[in-house]
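Trainee: I am new to this structure. Can you show me how to read its features, one at a time?

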Amino acid sequence: MSNRNSDGLRDLGLWRTFLAAHRSGSVSAAARTLGLAQSSVTSQLQALETSVGEPLFVRHARGIRPTPRADEVAARLSGPLDALADALGTRPAAESPIVRVGGAAEFLARVAAPALAPAVADGLRLAVTTGLADDLLEQLRVGSLDLVVSAVRPRGRTRPSTPLFDEEFALVASPSLGIEPSPSLAPYSLAEVPLLSYDRDVPIVRRYWRHVFGIRLDREPALVFPDLRALAAAAVAGAGVTALPTYLIADELADGRLVDLRPTEDPPINTLHLVRRPGPLAEGVAVVEQALRAAVAGL
């Protein structure tokens with residue numbers, strides 16, 4: 001924030017408008033929340049950008065997208081301004097913050113969406129971002145997200161992190177391939193079976209090979225598709241063999257569309273963590289955390 005002309009206190013109304021726009025991603029939505037005309041919101045945002053000396057939002061067809069500087073400012077302002085509004089009793093009900101959650105698309109679609117549906121129906125405002133853990137944690141760091149379900153535990157103590165769930169992985173294929181499932185299945189018996197992978201370096205399948213078979217996997221995948229749900233669909237259709245988290249394919253395993261080729265009591269696991277933005281635990285974030293913990297308890 002700039003302090004070239006004042007200590008910034010007389011601009012509190014402008015920053016309140018900024019925060020509403022940042023949270024909603026839309027000038028029109030911010031105007032409705034604040035009870036202002038859209039032109040007033042636009043003028044206030046332009047005044048702030050002039051004061052700061054750089055753009056805070058990028059305009060596009062479906063609204064506005066915050067710049068990295070805007071994310072940084074929002075992270076610093078949201079707590080104090082919300083606390084001030086609560087203390088003065090001036091925060092309108094419609095201005096309850098959107099809880100911004102990030103995570104892997106597969107987990108959020110299969111587990112988080114149904115778990116959070118009752119809370120959304122009761123008034124929770126939720127915005128979901130999918131992507132890779134490192135990218136999402138960076139968005140959390142700059143204040144663009146409030147909570148991330150991460151397969152990577154962040155270093156240090158600046159971002160509160162707690163374990164949520166241990167994903168277990170199974171090596172699966174369609175029974176149409178004729179591979180006999182066995183606890184003693186040898187990797188050479190799969191030598192001619194196509195591999196289906198999330199990435200070209202087959203990270204999940206390679207980890208399974210090392211953990212269960214005790215050897216290094218040195219094969220190219222026949223199919224690369226960066227969506228585990230798509231890999232499950234391809235495996236059901238008989239494309240080849242892949243390793244997937246069991247929660248994602250519980251139905252396919254139960255009805256026999258997929259078979260666990262090498263049942264084991266010691267499967268590879270991957271711990272998912274809940275990582276929060278620093279600061280007091282907001283009510284909406286607490287609701288999301290509670291719903292997610294209840295959901296994974298039943299997996």
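Trainee: How many aromatic pairs does the count come to?

Mentor: Keep in mind that this is a predicted model. The count comes to 6 aromatic pairs.

Trainee: How is a pair of rings described?

Mentor: By two values: the distance of the centres and the angle of the planes. Take Phe-165 and Tyr-247. Their ring centres are 6.0 Å apart and their planes stand at 70 degrees, so this pair is edge-to-face.

Trainee: Where do Phe-165 and Tyr-247 sit in the chain?

Mentor: Phe-165 is in strand β6, residues 161-173. Tyr-247 is in the loop between β9 and α9.

Trainee: Are Phe-165 and Tyr-247 buried or exposed?

Mentor: Both Phe-165 and Tyr-247 are buried. Now look at Tyr-208 and Phe-213. Their planes are at 75 degrees with the centres 6.0 Å apart, so this pair is edge-to-face too. Tyr-208 and Phe-213 are both buried.

Trainee: Which residues form an aromatic cluster?

Mentor: Trp-15, Phe-18 and Phe-57 form one.

Trainee: On to helices. How are two packed helices described?

Mentor: By the angle between their axes and the distance between the axes. Here, helix α2 (residues 27-34) meets helix α3 (residues 38-52). Their axes come within 8 Å and cross at roughly 110 degrees. That makes α2 roughly perpendicular to α3.

Trainee: Which residues make the contact of α2 and α3?

Mentor: From α2, Val-27, Ser-28, Ala-30 and Ala-31; from α3, Gln-38, Val-41, Thr-42 and Leu-45. Of the residues in this contact, 5 are nonpolar, 3 are polar and none is charged.

Trainee: How many salt bridges does a search of the whole structure find?

Mentor: It finds 9 salt bridges. One joins the side chains of Glu-49 and Arg-59, at 3.1 Å from N to O. Glu-49 lies in helix α3 and Arg-59 in strand β1, so the bridge ties together parts 10 residues apart in sequence. Glu-49 is buried, with a relative accessible area of 14%. Arg-59 is partly exposed, at 41%.

Trainee: Which residues are linked in a network of salt bridges?

Mentor: Arg-100, Asp-146 and Arg-277. Within it, the side chains of Arg-100 and Asp-146 meet at 2.9 Å, N to O. Arg-100 is in strand β3, and Asp-146 is in the loop between α6 and β5, 46 residues apart. Both Arg-100 and Asp-146 are buried.

Methods:
Residues numbered from 1 in each chain as written. Predicted model: local features only at pLDDT ≥ 70, side-chain atom pairs only at ≥ 80, totals over all residues. Heavy atoms only, no water. Axes fitted to C-alpha atoms, helices over the stretch in contact; angles between N-to-C directions. Helix = DSSP H or I, 4+ residues; strand = E, 2+ residues; numbered from the N terminus. Parallel < 35°, antiparallel > 145°, perpendicular 65-115°, else oblique. Contact = heavy atoms within 4.5 Å. Nonpolar A, V, L, I, M, F, W, Y, C, P; charged D, E, K, R; others polar. Phe/Tyr/Trp six-rings, centres within 6.5 Å; stacked < 30°, edge-to-face > 60°. Buried < 20%, exposed > 50% of the residue type's maximum accessible area, 1.4 Å probe, protein only. Salt bridge = Lys/Arg side-chain N within 4 Å of Asp/Glu carboxyl O.
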